Structures are given as C-alpha cells and as structure tokens.
Amino acid sequence: MDNNIKIKKKSQLKIQQMAFMIMAVFIFFILAGIFFVSVSVQGMKRDVTRLEREKAITTVANLVDTAEFTCGKSLCLDADKLIALSSGMQEVFGDLWPVAEIKVRRLYPLVSMQNIEDVECTRLTYPECNVFDVYKNDEVKTAGAVSSFVALCRKENKEGFVYDKCELGQINIAYRAVE
Amino acid sequence: MEKRNIAKSKRSTRVCTRDRTLNLHSCKRSNSHFDFFNKKRNIVKSKCSQEEMIGFILIVVLVSVIALVFLGISIIRQPKQEYKSSEVSNFLGSFLQYTTTCESRYLPLSMADVIKECAENEAKECGNGELACSVMNSTTEGILSAALPYGNESYLKGYEFNIDVISRINDTGEIVIRKQLAGTKKGNCNVVIKKGGDTLLPFEDDDIRIMLNACYSG
C-alpha cells in the first residue's frame, strides 16, 4: 500500500515534469515562430516601401510627360515652359497636379555660381540658374518627396540654327498627405 | 558551534544547534533511527535532480548557441538584392539626351549620337576637332559625378557604369560583348542593394548597351 502511494507520487512528479517540459518546448517554438514572422514581415515592409517609391517615380515620369512640362520627347522637361510656369501660372495649373510641391534642379553642367549657392531661376537669371520653383501649395501637408532624373532642354540659337540644348536635371515632387 | 539534546523519545529525537558567532538557534527533528538511510536517499535524490537541471541547462545553452550561429550566418550572408530600378532607367534616358560639346555640321550632338560615333570609329573626330570617344568619356564622368555623389556618409556607396557593343546569338539568345566603349567602377559595390538598369541603342546589326548599377547600403 505504502509502496503504491510512493510509486503514484513519483509518477505524478514525472508527469508534472514532462508537462512543464512540453510547455517550455511549446513556448520556445512560439517565440521562435514570432521571431521568424517579425523578420519576414520586416522584409515585406521593406519591399512595400520600395514598390511604393518605384510607383511614385513612375508617377513623376508621367507628370513630366504632360503637355505643360514636356519638350516633346520622353523624360524631357522644357525649361522655357518651366520659367513661364514658375512666374505666376501656379494658380491656373495648381488643381491639375495632385502634389504639394514641384521643384526642378539642374545637376549638370553646373552654373558658375552653383558651387557657392543655389541660383533660383527667374526671368532675370534664366538660363544662368539652377533651381526652378515650379509649384508650391502651402495649404496642404506634405507626406514625403520623390525625385527623378530628367533631361532639361531649352531652345538655343547657333548661327541661325535652332536646336534643343539638353542638360541633366532632377525633378523633386513633394506629395500630399492623405487627410 | 554547540550541539545538545533537548528531548528524547522512542521514535524521534530533537536536535538543536546553536551558532555562537552569529547567535542563531535552530532545531531539527529526526524521525527515527532510519535517519541515516533517509539522509543518504535524500542526497542521492538531490544529486539526481542536480544532474537533470544541468542537463536541461546544457540543452538550453546548446539550442541558444545553435540559434545564435544560424542568426549570425543569416545576417552575414544577407542575400544581395538586385533589381531593375525606374530611377536608374530614368537617369539613363536623360543621360542619352544630354547635349555634348561634340559638333557635327555646326550643331552639337546628343550623348546617344556621340556614343554611336565612338562605336563606329574610335578615332572619329567631332566638327570642332575633339575625339568623339574622349568627349563621351569626359561628359560621362562629369554627369556621373554630379548626379551620383557617393561616399561613406551617403546612402549611395558606389556605382558601376558600362557602355558596350553587344550582339545576340540567334540560336540561344545569349548576349556577347563585342567591344567595351566605356567602363567605370567607383566606390564600394560589395553592398546589400543594387539598383540596376540598362538601355539599348540600335547600332548597325548589333546594339549598344548602356548599363548602370547603383549600389546602396541596406
């Protein structure tokens, strides 16, 4: 009788021990699973961010190819149009562009003053300038910005021949925050 | 240490101990004269438990070490991500439209035209006496350094830029580089993310491939 009780107690202890062990293993696997899921979700988030960025860049390219900006070729901005747009046409075209800000910067070749500071393009400074403030809507919040390389072309006259002089530029667009 | 018997009975003995230095007084009741065997059994049990505990700890430590090793390897051997980027494609598209200083029939040529001139004949001169290939190289270098500033502080760590004349083998579709017109490798391209892009210019029976790989830190 006494012996049986002792054996039962020992068995109970063993069962308890095994239960604890199973629980520990279970918790360990759950923790490992959570770790794995969090790592893979992070990777997914990174991919989503990259794709969103790619999408935004494509939107910029589409915007560049609209009649208000294009010089007639793909990914080509007409600098003469930009000057017209940046001096007083913002209110007319503002509603057409679903963005908060459009800025164009000439990257190459550098203008003589560009090494020291940016030279804003106005009717007075053009073409010896490097920054076109095309559009800015102060009433909306900006959520982020995206940029894309473009060719920045203008008409030049050389000994009676008119040709497109293209330089390398970058269009920066700040997009609106969703409210 | 002083040890004395306070009470004695047939079945149990109360043994008290006193620690003079710490002034502690404690008593233990030993149940029977089998006390010696009980003690021995207890010692065996506790030894067994200790062994089990050590075994468990060893397993936990072993599993943790293996997990850490796997984690370390996966972090070190993080797969390099290489993908086509519209940013790079846009750059190449704009690059080809750039108006160079090389002139032909009094009008300056675009970068695409200069590349074709250089591919046609390396010794070909522009209207103003400059070599088409040297104009191509100097303009490319200027544009790349202005548009893609790289460095340790920058997100961009380096880039690889190539202009090659390529031809496709009809049967397999395999690309063979026939001639390299320009090749630049700047900075560190042994990094996690590579954004690449290429564009083709038709040239005689072949193509001219302009390829850029921008290398970013993760």
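## The loop between strands 2 and 3 of chain A

Pro109(A) sits in the loop that runs between strand 2 and strand 3 of chain A. In this predicted model, the peptide bond leading from Tyr108(A) into Pro109(A) is cis, and its omega is near 0°. Pro127(A) is also placed in the loop between strand 2 and strand 3 of chain A. The bond joining Tyr126(A) and Pro127(A) is cis, with omega about 5°. For context, most peptide bonds are trans, and most residues other than glycine have a negative phi.

## Positive phi in two other loops

Glu159(A) belongs to the loop between strand 4 and strand 5 of chain A. Its phi is near 50°, which is positive although the residue is not glycine. Glu159(A) has 6 other C-beta atoms within 10 Å, so Glu159(A) is exposed.

In chain B, Glu204(B) lies in the loop between strand 9 (193-203) and strand 10 (206-216). Phi of Glu204(B) is near 50°, again a positive value in a residue other than glycine. Glu204(B) counts as exposed because 11 other C-beta atoms lie within 10 Å, and the cut-off for exposed is 12 or fewer.

## The sheet of chain A

Chain A contains an open sheet of five strands with mixed pairing, in the order 1-4-5-2-3. At its edges are strand 1 (76-78) and strand 3 (131-136) of chain A, each of which pairs on one side only. From one strand to the next, the twist averages 30°.

Within this sheet, strand 4 (residues 142-158) and strand 5 (residues 161-176) of chain A are antiparallel partners, joined over 16 bridges. One residue pair can be named here: Val146(A) has Ile173(A) of strand 5 of chain A as its bridge partner.

## Contact between the chains

The contact takes 23 residues from chain A and 18 residues from chain B. On the side of chain B that touches chain A, the elements giving two or more residues are helix 2 (86-97), strand 6 (107-110) and helix 4 of chain B. Helix 2 of chain B gives the most to that side, with eight residues. By class, the side of chain B that touches chain A has nine nonpolar residues, eight polar and one charged.

Helix 4 (residues 132-147) of chain B lies across strand 2 (99-108), strand 4 and strand 5 of chain A, and runs at about 145° to strand 2 of chain A.

## Helix 1 of chain A against helix 2 of chain B

Helix 1 (residues 2-64) of chain A packs on helix 2 of chain B at an angle of about 30°, and the two axes are 9 Å apart. The two helices are therefore roughly parallel, since angles under 35 degrees are counted that way. Helix 1 of chain A contributes Glu54(A), Ile57(A), Thr58(A) and Ala61(A) to the contact, while helix 2 of chain B contributes Ser86(B), Glu87(B) and Asn90(B). This helix contact has two nonpolar, three polar and two charged residues.

## Confidence in chain A

Chain A has a mean pLDDT of 84, with 93% of its residues at 70 or more. Among the elements of chain A, strand 1 has the highest mean pLDDT (94), and helix 3 (residues 90-93) has the lowest (70).

Definitions and conventions
Residues are numbered from 1 along each chain as its sequence is written. Chains are lettered from A and ligands numbered from 1 in the order in which they are written. This is a predicted model: local features need pLDDT of at least 70, side-chain atom pairs count only at pLDDT 80 or more; totals for chains, interfaces and linings use all residues. Two strands pair if DSSP finds at least two bridges between them. Helices (H or I, at least four residues) and strands (E, at least two) are DSSP runs, numbered from the N terminus. Axes are lines fitted to C-alpha atoms, for helices over the stretch in contact, and angles run from 0 to 180 degrees between N-to-C directions. Two residues are in contact if their C-beta atoms, placed from the backbone, lie within 7 Å. pLDDT is the predictor's confidence in each residue, from 0 to 100. Ala, Val, Leu, Ile, Met, Phe, Trp, Tyr, Cys and Pro count as nonpolar, Asp, Glu, Lys and Arg as charged, and the others, Gly among them, as polar. Angles under 35 degrees count as roughly parallel, over 145 as roughly antiparallel, 65 to 115 as roughly perpendicular and the rest as oblique. A residue is buried if 20 or more other C-beta atoms lie within 10 Å of its own, exposed if 12 or fewer, and partly exposed in between; C-beta atoms are placed from the backbone.
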